[in-house]
Amino acid sequence: MTEISEIPPLLVKNGGKTINLTFKNDILSIAENNISSRNILEVKLNNSSSNKFNNSVSIEIKVLVPYSGGKRLWLKNFIFEVITSEQAASWVESVRNVAYKNSKPNKHLKLVMNPVSGKGRTEKIFNKDVKPIFDAASCTYDISYTERVNHAKDLTIALDLKNYDAIVCIGGDGTLNEVMNGILSREDAMDVKIPLGTIPTGTGNALNFSLHGDGHGSDMAHSALTIIKGVPMEIDMCSVTQGDKRFFSFLTQSYGAVADCDLGTENMRWMGDIRFSVGLVQAVLAGRRYSCEIAIKFAEKDKELIKESYKKGYPVTTTKIIDNNGDQDNKNNNDRSIMNNVYGTVNDPIPEDWEILNDDLYLFFCGKTPWVGKGFLIFPCALPSDGLMDLVITKRDAISKTRFINILKNASTGAHINYTELEYYKIKAYRLTPKNRQDGYIGIDGERIPFEPFQVEVLPRLITLLSVDGNYCHVNI
Ligand SMILES: Nc1ncnc2c1ncn2[C@@H]1O[C@H](COP(=O)(O)OP(=O)(O)OP(=O)(O)O)[C@@H](O)[C@H]1O
């Protein structure tokens, strides 16, 4: 806003009156709401033969105006007849410079569209809610439609990236996961800097909630705006090994009640978001026993320290948070050649300094993003590139079923982590070996993987996203 106030006022005609057009007064009063430079999509001078003013020059401003309590944005065009066209030309230039101070104007985008994501209305949603905003910002694009599982990954591997300013996934988190795995499977993976954006037409859209918070996470206009005006943000990726396979996760790995409710409720998709809550209660009441051995390389065990560090901005230099084993190098090293696992794979012996837990659990949930769905802020201290994963564990013998469900209800605000029965850690790596059952659910970024041991570690800053301000949406903990 400070930059906007630096733009001098411009005399224009509006409704027969001559007014001083400034962003602080006139545009704001017309829009009856606050407009920041981020919301200005395009401003240009027109010869009035093409609009309602005769033989004069007009100024046209396309902005996204907040409405509905600021939760939604509405695309509006304002047109004013200008008094002096020379003065107007320099005014337009100033506004453009402010509006695109931190981002490239007129981006050319690669859109990867999953037509079956969410309720299968992806293209309709795009055409109605997103395309007009991209057009208003003079963004151009070409679209590839995914036709099968892993198609987004294959498309990304084959993509000529130099043609684009960003890759935009129009779908859910599964589509994003495939595109990220596609980038990291390319021969030039270590040199790829192209940022990813997301239009949340999936069912969960965890990344978009993490970028924009609960209020704006499912809003198409906010998401489009972040693609147009967003700031690059590097994120860590979790390298997962299972059997002889290796792949990447950017959101979560889950075992226990949350995995069952996420993956075991495909038949309830018609319910939308509610299916997760219904599934969770079902899974817990069914009294399933989630036994496993977990070997963990801890970084920080003290919940209060984790919260304090988050408030101050990770990473902090407490003696506890920093461990060695070459990891410190990893964390501070900008060299993206660190695609190799520091801790080997699930087929190697467990490193000696890892701690082993053998417990029956309700929940094992590990992740890199604060929100894992609307109203589900399970990892409030998660950060995009602290080189660590956040881990939530609840042991069966520590808590009753109803208490567990009640604590998880508090995950809408992140307050669940204040309950002593819920363990919250920062970790570097772990191996989970399911026990006592032949089959069950293990979820990686919300997709099911075989019910077999798997190992995960964090590799720093491998993918770049477009974000609102270079961080995930701030959480008040
Ligand atoms: N044409 C297609 N037909 C069938 N499956 C597809 C097709 N295109 C993509 N897929 C698969 O659809 C799966 C789900 O996609 P996506 O995650 O984007 O949507 P979602 O499941 O609705 O959202 P979320 O993951 O946020 O819950 C992906 O794993 C992808 O492989």
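How far does helix H4 (residues 122-136) reach from its first C-alpha to its last? The answer is in point 3, after the basis of the model.

1. Basis. This is a predicted model, in which local features need pLDDT of at least 70 and side-chain atom pairs count only at pLDDT 80 or more, while totals for chains, interfaces and linings use all residues. Residues are numbered from 1 along each chain as its sequence is written.

2. Overall make-up. The protein has 13 helices and 19 strands; these are DSSP runs numbered from the N terminus (helices: H or I, at least four residues; strands: E, at least two). Of the 477 residues, 44% are buried. Here buried means that 20 or more other C-beta atoms lie within 10 Å of the residue's own, exposed means 12 or fewer, and partly exposed is in between, with C-beta atoms placed from the backbone.

3. Helix H4. The 15 residues of H4 reach 20 Å, close to the 21 Å expected at 1.5 Å a residue (1.5 Å times one less than the number of residues). H4 has a kink of about 45° at Val130, shortly before Pro132; the bend is the angle between axes fitted to the seven residues ending at a position and the seven starting there. Val130 is also one of the buried residues of H4, together with Thr122, Phe126, Ile133 and Phe134. After H4 comes Ser138, with a positive phi near 55°.

4. Annotated span. An unreviewed UniProt entry annotates residues 104-244 as "domain: DAGKc"; positions are in the numbering used here, feature names are shortened, and annotations may be inferred rather than shown by experiment. The span is 40% helix and 25% strand, and its end C-alpha atoms lie 42 Å apart.

5. Ligand shell. The ligand is surrounded by 23 residues, the closest being Ser117, Gly171, Gly172, Gly174 and Gly202 (a residue is near if its C-beta atom, placed from the backbone, lies within 6 Å). Helix H6 (residues 173-185) gives the most to this shell, with four residues.

6. Positive phi. Most residues other than glycine have a negative phi. Asp445, however, has a phi near 50°. Asp445 sits in the loop between strands E17 (442-444) and E18 (447-449), and is buried, with 30 other C-beta atoms within 10 Å. Arg461 also has a positive phi, near 50°, but lies in strand E19 (residues 454-467). Arg461 counts as buried because it has 20 C-beta neighbours inside 10 Å.
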